Amino acid sequence: MAAPVAANTHECECSMASLKAVSSAAHLALRIVAECPVSKARACTLTLPHSTVSTPVFMPVGTQGTMKGITADQLEDLDCHICLGNTYHLGMRPGPELIEKAKGLHGFMNWKRNLLTDSGGFQMVSLVELSEVTEEGVTFRSPYDGKEILLTPEQSIAIQNSLGSDIMMQLDDVVSSTVKGPRVEEAMHRSVRWLDRCIAANKNPDRQNLFAIIQGGLDAKLRKACLDEMTKRDVPGFAIGGLSGGEEKDDFWKMVTLSTDHLPREKPRYLMGVGYALDLVVCVALGCDMFDCVFPTRTARFGSALVPWGSLQLKQKQYAKDFQPIDPDCQCPTCRRHSRAYLHALFKSDTAAMHHITIHNISYQLTLMRSVRQSIIEKRFPEFVKAFMKRMFSSSEQYPSWAVEALQSVNITVNCVA
Amino acid sequence: MKLELSRVVQGCRLGVLTGLGKTGQHCLEVPGCLLYTRCATVPHLTQDTLHTLSDLPSVTQVTVESLAEHQEVLEEFKEGVRKFAGLHNTVLFCSLHDSVNPNPAGHVTNKTVSVWGSGGRIELTAARFMAIQAAIQPDCYQSMADGETWQANSSRKRVRKAVDRTLAHLDECLMLHQKTQELKQAEIFGVVEGGDIMEERLRSTRETAKRPVGGFVLDGFHSAAMNQDVRGQLIQAITAELPHEKPRLILGVGCPDEVISCAEAGVDLFESFFPFQVTERGCALNFNYTINPDPETAVLELNGETPAVTKPSKNGDENMTPFEINLKDKRYQDDFHPLVEGCDCYCCQKHMRAYVHHLLVTNELLAGVLLMLHNMAHYLGFFKALREAIANDRLQDFKNRVLSCRERDV
């Protein structure tokens with residue numbers, strides 16, 4: 001047997017690093033079950049330390065170690081296999097030491113399936129005023145006690161190691177997608193350097209999977225450069241970051257598809273912060289596997305129920321005497337037992353109304369992803385997309401042009417009479 | 001509906017209320033409690049979380065207070081609130097006011113009482129009250145009553161008026177009840193008023209007992225209204241005048257020591273708003289109600305026991321009772337024990353004090369869900385233990401056990 005030799009000597013260093021990473025790779029395996037012959041959509045199974053996840057998957061966000069009013073059992077019953085916890089919030093309260101003592105976030109909140117934690121970077125920039133980014137890390141003032149805190153890549157990973165999540169995110173230099181100019185490039189390069197620091201800092205590579213986050217804003221060149229660099233690192237998965245922050249949808253989808261074009265096929269692609277049904281379907285077509293968003297659970301608490309044809313604002317008077325369930329075709333516990341009229345009435349009295357809608361909205365999102373997956377496996381994903389659009393919009397004139405173009409770019413034509 | 005009493009011990013009646021509900025298949029053990037709801041939902045709970053509780057009371061309580069504003073909707077729905085709310089197979093008892101929310105006084109007239117919905121005050125005549133009952137379609141309900149005698153120093157004249165009005169309302173409700181198709185199989189309960197004036201209480205009792213009612217509601221006795229001794233005396237006098245075979249429900253009393261005292265005075269049924277109040281202040285019921293099977297050991301235990309409850313916490317709600325712990329207190333931050341050792345509720349089986357503390361500190365909705373489950377489970381356990389103590393002649397041990405936490409206020 002010939003001794004293993006690096007293909008090119010100048011790649012030697014990277015190969016050595018990646019060999020090392022592979023040999024101590026965490027428990028993550030992606031199996032591609034089906035690929036859409038028309039678009040870039042894939043259906044996979046993602047094996048993680050706590051359970052197996054079918055993709056494409058929507059991951060609900062349980063920010064502070066709880067899914068906003070619904071119990072871990074209820075979440076399990078909805079067939080959720082992975083959800084999010086926020087490093088920033090949990091790092092503040094109750095803090096990583098306590099959670100580690102409680103056997104990690106899984107032990108603390110008694111969730112037996114998978115958890116994904118983000119790095120804390122996004123919250124710091126979006127939630128905290130006067131945060132400052134240096135090469136070292138992000139400095140900010142704690143909203144709880146006014147003290148100045150520095151979050152470095154090493155510290156973010158240390159907190160996430162204490163949380164014990166199945167998937168952890170690198171600390172990235174987050175820049176709003178509406179920002180232009182040299183700051184975007186600076187942030188992209190820094191994110192690469194921080195990725196390497198995060199990889200080095202991970203104490204548990206055998207059971208916690210560290211994902212890289214592709215940055216580069218809306219600049220194709222920068223994004224491509226980031227992709228080239230980050231894909232040299234042998235991480236178990238890649239996230240597409242820096243999007244879904246208020247940029248034009250026309251720019252958004254182009255960055256998504258550029259990213260999936262250059263990410264390895266055999267690793268999961270996680271598009272961060274995307275949760276509207278239309279966006280999910282389009283981005284699956286563009287090759288993404290995993291999604292997260294606070295939208296479905298947040299909007300539920302305001303009485304907004306998601307349905308295949310849009311949403312129902314249940315607090316509005318028109319639902320006071322509407323005795324149908326939210327969606328007559330939905331099989332979730334809320335729709336099987338309660339009417340729009342009852343939920344409308346209950347919103348005036350008790351928090352349970354919010355829980356009912358939260359359950360329904362999570363069910364809606366998970367069911368949508370399951371249907372998408374099934375259609376990919378059965379080689380009818382393009383038909384599914386067309387039917388989805390027809391149901392969601394009253395006429396093809398209403399179809400958002402960015403979505404039509406994005407789908408067209410992967411050979412799915414939605415707005416002609418076929 | 002039939003009340004079958006098996007024994008009476010120290011005034012406590014032990015028995016079963018049978019033949020409840022439309023099909024007459026449900027029964028409720030006494031002394032016992034109804035299942036408290038707001039707008040036909042147990043606060044914070046969906047049907048799935050509610051049914052993690054074992055041995056739920058077979059009678060669910062709804063109030064005109066939380067349903068009056070939905071009268072039109074219910075009338076259009078036509079099938080009653082049980083179906084409207086997607087409730088499980090349960091018996092419905094409808095009372096007038098929600099005992100948790102103190103209502104502003106001064107809105108009662110000779111012909112009307114008022115309730116407060118989410119949109120403000122709703123004035124009810126007996127006719128409107130009965131129309132609402134027809135829309136709700138309960139299995140039992142209390143008749144309309146003027147119970148606004150809880151203010152300190154209600155004048156004798158005011159108390160007398162309350163009794164008179166309540167009787168007049170009862171007669172009108174009875175008359176309308178006969179004419180209302182939707183209430184054909186329902187039982188109407190008469191309401192005993194009279195403030196803290198013995199004469200008036202007796203008058204109200206005797207007069208109400210003359211009417212063809214299925215049971216009796218004792219009103220105007222909630223904690224703010226009078227102290228336990230006065231309450232006990234009045235109730236004893238009332239129940240002595242009431243027919244044995246009809247159930248007696250008291251409103252506004254929920255604290256365990258008051259429950260025991262009222263049971264000894266002859267009350268059968270209580271509301272279960274108390275666990276909800278405990279939940280809302282971020283507390284968990286933890287008082288011990290388990291008595292050792294061997295009476296001798298129980299006495300020894302009690303005398304030699306070291307206090308389990310430590311100093312009350314500084315940031316406790318002023319309404320906190322000795323029967324609960326304040327989970328917002330910092331001491332629970334890293335306490336990995338369940339809320340109560342040995343409790344088999346969902347919260348205690350799956351979670352720990354540190355987690356619930358975290359949920360409270362971060363204002364998370366799940367705190368209310370978990371605490372409601374625990375507190376309701378604990379409260380139901382208390383009633384079950386009370387019934388067992390009566391059945392096994394251990395009532396005094398039971399009382400000593402439950403009331404012992406009161407002596408430990410350091």
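Student: How many bridges join strand S12 to strand S13 of chain B, and which way do the two strands run, parallel or antiparallel?
Tutor: In this predicted model, strand S12 of chain B covers residues 215-218 and strand S13 of chain B covers residues 248-250. Within this pair, Phe216(B) stands opposite Arg248(B) of S13(B). The strands are joined by three bridges, and they run parallel.

Student: Which strands stand at the edges of the open sheet of chain B, and why is one side of each left without a neighbour?
Tutor: The sheet is open and has nine strands with parallel pairing, in the order S4-S14-S13-S12-S11-S10-S7-S6-S5 of chain B. Each of the edge strands has a single partner strand, so one side of each is left without a neighbour in the sheet. These edge strands are S4 (32-33) and S5 (35-36) of chain B.

Student: How many residues of chain A are in contact with chain B, and what area is buried between chain B and chain A?
Tutor: On the side of chain B, 39 residues take part in the contact, and they meet 41 residues of chain A. The size of an interface is often given as the accessible area lost when the parts come together. Carbon and sulfur atoms give 61% of that area here, and the total buried between chain B and chain A is about 3,400 Å².

Student: Which residue of chain B forms a salt bridge with Asp73(A)?
Tutor: Side chains of opposite charge can pair when their charged atoms come close. Between chain B and chain A the count is seven salt bridges. In the one that involves Asp73(A), the closest N and O atoms are 3.2 Å apart, and the partner is Lys350(B).

Student: Which element gives the most to the side of chain B that touches chain A?
Tutor: Across this interface there are 18 residue pairs in polar contact. The elements of chain B that give two or more residues to the side touching chain A are helices H1 (47-50), H3 (71-77), H12 (346-350), H13 (353-361) and H14 (366-391). The residues of that side divide into 19 nonpolar, twelve polar and eight charged. With five residues, the element that gives the most is H13(B).

Student: Which residue forms a salt bridge with Lys83(B)?
Tutor: Over all chains the structure holds 52 salt bridges. Lys83(B) is exposed, with a relative accessible area of 51%, whereas Glu79(B) counts as partly exposed at 43%. The closest N and O atoms of this pair are 2.8 Å apart, and the partner of Lys83(B) is Glu79(B).

Student: How many residues apart are Arg203(B) and Asp164(B)?
Tutor: These two residues form a salt bridge whose closest N and O atoms are 2.9 Å apart. Arg203(B) counts as partly exposed at 28% relative accessibility, and Asp164(B) also counts as partly exposed, at 37%. The pair links distant parts of the chain, with Arg203(B) in helix H7 (residues 198-210) and Asp164(B) in helix H6 (residues 156-179) of chain B, and the separation is 39 residues.

Student: Are Glu264(B) and Lys399(B), which form a salt bridge, buried or exposed?
Tutor: The closest N and O atoms of Glu264(B) and Lys399(B) are 2.9 Å apart. Glu264(B) lies in helix H9 (residues 256-264) and Lys399(B) in helix H15 (residues 395-403) of chain B, so the pair ties together parts that are 135 residues apart in sequence. Both residues are buried.

Student: What separates the C-alpha atoms of Phe398(B) and Ile260(B)?
Tutor: Phe398(B) also has its place in helix H15 of chain B, and it is buried, with a relative accessible area of 0%. Leaving aside neighbours within four places in sequence, its contacts include Ile260(B), Tyr289(B) and Phe382(B). Although Phe398(B) and Ile260(B) are 138 residues apart along the chain, their C-alpha atoms are separated by 9.7 Å.

Student: How many residues of helix H7 of chain A are buried?
Tutor: Helix H7 of chain A spans residues 153-163 and is mostly covered. Among its buried residues are Pro153(A), Ile157(A) and Leu163(A), and just after the helix Gly164(A) takes a positive phi of about 75°. Of the eleven residues in H7(A), the number buried is eight.

Notes: Residues are numbered from 1 along each chain as its sequence is written. Chains are lettered from A and ligands numbered from 1 in the order in which they are written. This is a predicted model: local features need pLDDT of at least 70, side-chain atom pairs count only at pLDDT 80 or more; totals for chains, interfaces and linings use all residues. Side-chain values use heavy atoms; hydrogens and water are left out. Buried means under 20% relative accessible area, exposed over 50%, partly exposed in between (1.4 Å probe, protein chains only). Helices (H or I, at least four residues) and strands (E, at least two) are DSSP runs, numbered from the N terminus. Contact means heavy atoms within 4.5 Å. Buried area is the accessible area (1.4 Å probe) that two parts lose on being put together, summed over both. A salt bridge is a side-chain nitrogen of Lys or Arg within 4 Å of a carboxyl oxygen of Asp or Glu. A polar contact is a pair of N or O atoms within 3.5 Å; within protein, one must be able to donate a hydrogen and the other to accept it, and residues adjacent in sequence count only if both atoms are side-chain atoms. Ala, Val, Leu, Ile, Met, Phe, Trp, Tyr, Cys and Pro count as nonpolar, Asp, Glu, Lys and Arg as charged, and the others, Gly among them, as polar. Two strands pair if DSSP finds at least two bridges between them.
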